[in-house]
Amino acid sequence: MLDKISKKILMELQTDGRISNVDLAGRVNLSPAACLERVRKLHDAGYIVGYTALLSPELLDVSLLVFVEVVLDRTTPEVFDTFKKSVQTIPEVLECHMVAGGFDYLIKARVKDMAAYRQFLGRTLLQKGVRETHTYAVMEEVKNSTILPIK
């Protein structure tokens, strides 16, 4: 179980992963050495899984965000495994989730524009084992966050 200080450390790191240990220590009212030890323990325990930079999709010319529902031909372990291995190699795919409901997988992807999406779809998702897809192009991104709620 996380105590109040560890939760505060995690919240601060989610907001600014590049914060210096000295600044982080000041924000959570610990000495720098104690803070560094806490961060190390949180990392070792698996609470912190990595650090990353958030990039601008517009400046990198991948501003079209799409969600794709994927229905597979068959729902066998082999078909699932083949699809999972395939989708993990596609750079445009940001997220892929197996879901319960009316389809098998939900994919979040970024491409340049609709023409690039059509190429992406034909080249990657319309493969053996995929019965159908339904695409939802994002018109407005209302909220996009990487911050997890910590209670």
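# Tour of the helices and the sheet

Select both to start. This is a predicted model, so treat each stop as a computed result.

**Stop 1: helix α1**

Now select the buried residues of α1: Ser6, Ile9, Leu10, Glu12 and Leu13. Look down the helix axis. These residues fall within an arc of 165 degrees, so they line one face of α1. That buried set packs against α2 and α3.

Next, check the length. The twelve residues of α1 should span 16 Å at 1.5 Å a residue, and the end C-alpha atoms are 17 Å apart, which agrees.

Move to the N-terminal end of α1. Aspartate 3 caps it. Draw a distance from a side-chain oxygen of aspartate 3 to the backbone nitrogen of isoleucine 5: the value is 3.3 Å.

**Stop 2: valine 22 in α2**

Select residues 21-28 for helix α2, where valine 22 lies. Is valine 22 buried or exposed? It counts as exposed, because its relative accessibility is 56% and the cut-off for exposed is over 50%. Valine 22 and proline 32 are ten residues apart in sequence, yet their C-alpha atoms are 5.3 Å apart in space.

**Stop 3: helix α3**

Select residues 32-44 for α3. This helix has 13 residues. From first C-alpha to last, α3 reaches 18 Å, close to the 18 Å expected at 1.5 Å a residue.

Which residues of α3 are buried? Colour Cys35, Val39 and Leu42. They cover an arc of only 60 degrees around the axis, which puts them on the same side of α3. An α-helix has 3.6 residues a turn, so residues three or four places apart point the same way.

The buried residues of α3 pack against α1 (4-15) and α2. Turn the view to the face pointing away from that buried side. There you find the exposed residues Ala33, Leu36 and Asp44. Just after α3, select glycine 46, which takes a positive phi of about 95 degrees.

**Stop 4: the sheet**

Show the strands. Four of them form an open sheet in the order β2-β3-β1-β4, with antiparallel pairing. β2 and β4 (130-137) stand at the edges; each has a single partner strand, so one side of each is left without a neighbour in the sheet. Neighbouring strands are turned by 20 degrees against each other on average, direction ignored.

**Stop 5**

Select residues 105-111 for β3. Six of the seven residues are buried, so β3 is largely enclosed by the rest of the structure.

Take the β1 side next. β1 (residues 64-72) pairs with β3 in the antiparallel sense over seven bridges. For one landmark, leucine 65 stands opposite arginine 110 in β3.

Then go to β2, residues 93-98. β2 and β3 are also antiparallel, over five bridges. Here histidine 97 stands opposite leucine 106 in β3.

Finish at the hairpin of β2 and β3, with six residues between the strands. Select glycine 101: its phi is positive, near 140 degrees.

Notes
Residues numbered from 1 in each chain as written. Predicted model: local features only at pLDDT ≥ 70, side-chain atom pairs only at ≥ 80, totals over all residues. Heavy atoms only, no water. Buried < 20%, exposed > 50% of the residue type's maximum accessible area, 1.4 Å probe, protein only. Helix = DSSP H or I, 4+ residues; strand = E, 2+ residues; numbered from the N terminus. Pairing = 2+ DSSP bridges. Expected span 1.5 Å × (residues − 1). Arc of directions from axis to C-beta. Contact = heavy atoms within 4.5 Å. Axes fitted to C-alpha atoms, helices over the stretch in contact; angles between N-to-C directions. Polar contact = N/O pair within 3.5 Å; in protein donor to acceptor, adjacent residues only side chain to side chain.
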